[in-house]
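Let's take a look around a protein chain together. Keep the 3D view open as you read.

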Amino acid sequence: AMLKVDRSNYAPQNPYTDAPQPLGHQATISAPHMHAHALELLANHLQPGMRALDVGCGSGYLAAVMARMVGIEGQVVAIDYLSPLVALSLENVRKEDADLLDSGTLQVEQGDGWKGFEQASPYDSIHVGAAAESVPEALLEQLKPGGRMVIPVGTTTQQFCTIDRLPNGNFEQKSLMGVMYVPLVHPPSCI
């Protein structure tokens, strides 16, 4: 799936280096091996016709890959709280993957990652691309029974976790490995 979306349209420098790359605004595009790992963990929840949420979409790369996986019958909503990163995502997707936007398969929105994007929920899969100090309750609520979330959790030490919502509505969380992600920011409140 990653081969269907050219990473050079999404990373401003060293797109194929297996390390995080800066995007500006204290954000990064994750290393390719972490994107591959997340996609592998979510693959059964990114089948054609399914619905997904990408929190902290940054450059838009992973959201575009996820959209290729769910196909024209599915939908991916990508959110970021910073308007310059939302604009960057849209600009990057338009380079060679504009069909995803034109068909409505990919929707890019400005929003608070801690709150998710309730309007398009529930989701079969949720990818969180920044570390939350705790699992956001709103994201759990927006995960469909049978769905899966991948999320880095922690502050000084972080764990990459899967959270499965069981058919009965309960949750099962597994810590997979230690990671180091940028923090999932609480946006300033609008006054």
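This is a predicted model: local features need pLDDT of at least 70, side-chain atom pairs count only at pLDDT 80 or more; totals for chains, interfaces and linings use all residues.

A disulfide is counted here when two cysteine sulfur atoms sit within 2.5 Å of each other. Such a link is a covalent bond between the sulfur atoms of two cysteines. Search the whole structure with that cut-off and you find zero disulfides.

Cysteines do turn up on the inside, though. C57 counts as buried because its relative accessibility is 6%, which is under the 20% cut-off. C161 is buried too, with a relative accessible area of 1%.

The average pLDDT over the chain is 93, and 98% of the residues score at least 70. Confidence is highest in strand 6 (residues 123–128), at a mean of 98, and lowest in strand 2 (residues 27–29), at 83.

## Helices on the inside

Start with helix 2 (61–70). Nine of its ten residues are buried, so this helix is mostly covered. Those buried residues are Y61, L62, A63, A64, V65, M66, A67, M69 and V70. Just after helix 2 comes G71, which takes a positive phi of about 70°.

Helix 1 (residues 32–42) has buried residues as well: P32, M34, H35, A38, L39, L41 and L42. What do they pack against? Their partners are helix 2 and strands 2, 6, 7, 8 and 9.

In soluble globular proteins, nonpolar side chains tend to be buried together. Here the largest nonpolar core has 39 residues, and L46, V76, L106, V108 and F160 touch the most other members. Several elements give two or more residues to this core, including helix 1, helix 3, strand 4 (75–80) and strand 5 (106–110). Helix 2 gives the most, with nine residues. Apart from this core lies another, of 22 residues, among them V55, I126, I163 and L184.

## A closer look at S89

Now find S89 in helix 3 (residues 83–96). Is S89 buried or exposed? S89 is buried, because its relative accessible area is 0%, well within the under-20% cut-off.

Which residues does S89 touch, leaving aside its neighbours within four places in sequence? S89 is in contact with C57, G58, S59, G60 and V108. With G58 there is also a polar pairing: a polar atom of the S89 side chain lies 2.7 Å from the backbone oxygen of G58.

How values were computed
Residues are numbered from 1 along each chain as its sequence is written. Side-chain values use heavy atoms; hydrogens and water are left out. Helices (H or I, at least four residues) and strands (E, at least two) are DSSP runs, numbered from the N terminus. Buried means under 20% relative accessible area, exposed over 50%, partly exposed in between (1.4 Å probe, protein chains only). A polar contact is a pair of N or O atoms within 3.5 Å; within protein, one must be able to donate a hydrogen and the other to accept it, and residues adjacent in sequence count only if both atoms are side-chain atoms. Contact means heavy atoms within 4.5 Å. pLDDT is the predictor's confidence in each residue, from 0 to 100. A nonpolar core is a set of buried Ala, Val, Leu, Ile, Met, Phe, Trp, Tyr and Cys residues joined through side-chain atoms within 4.5 Å.
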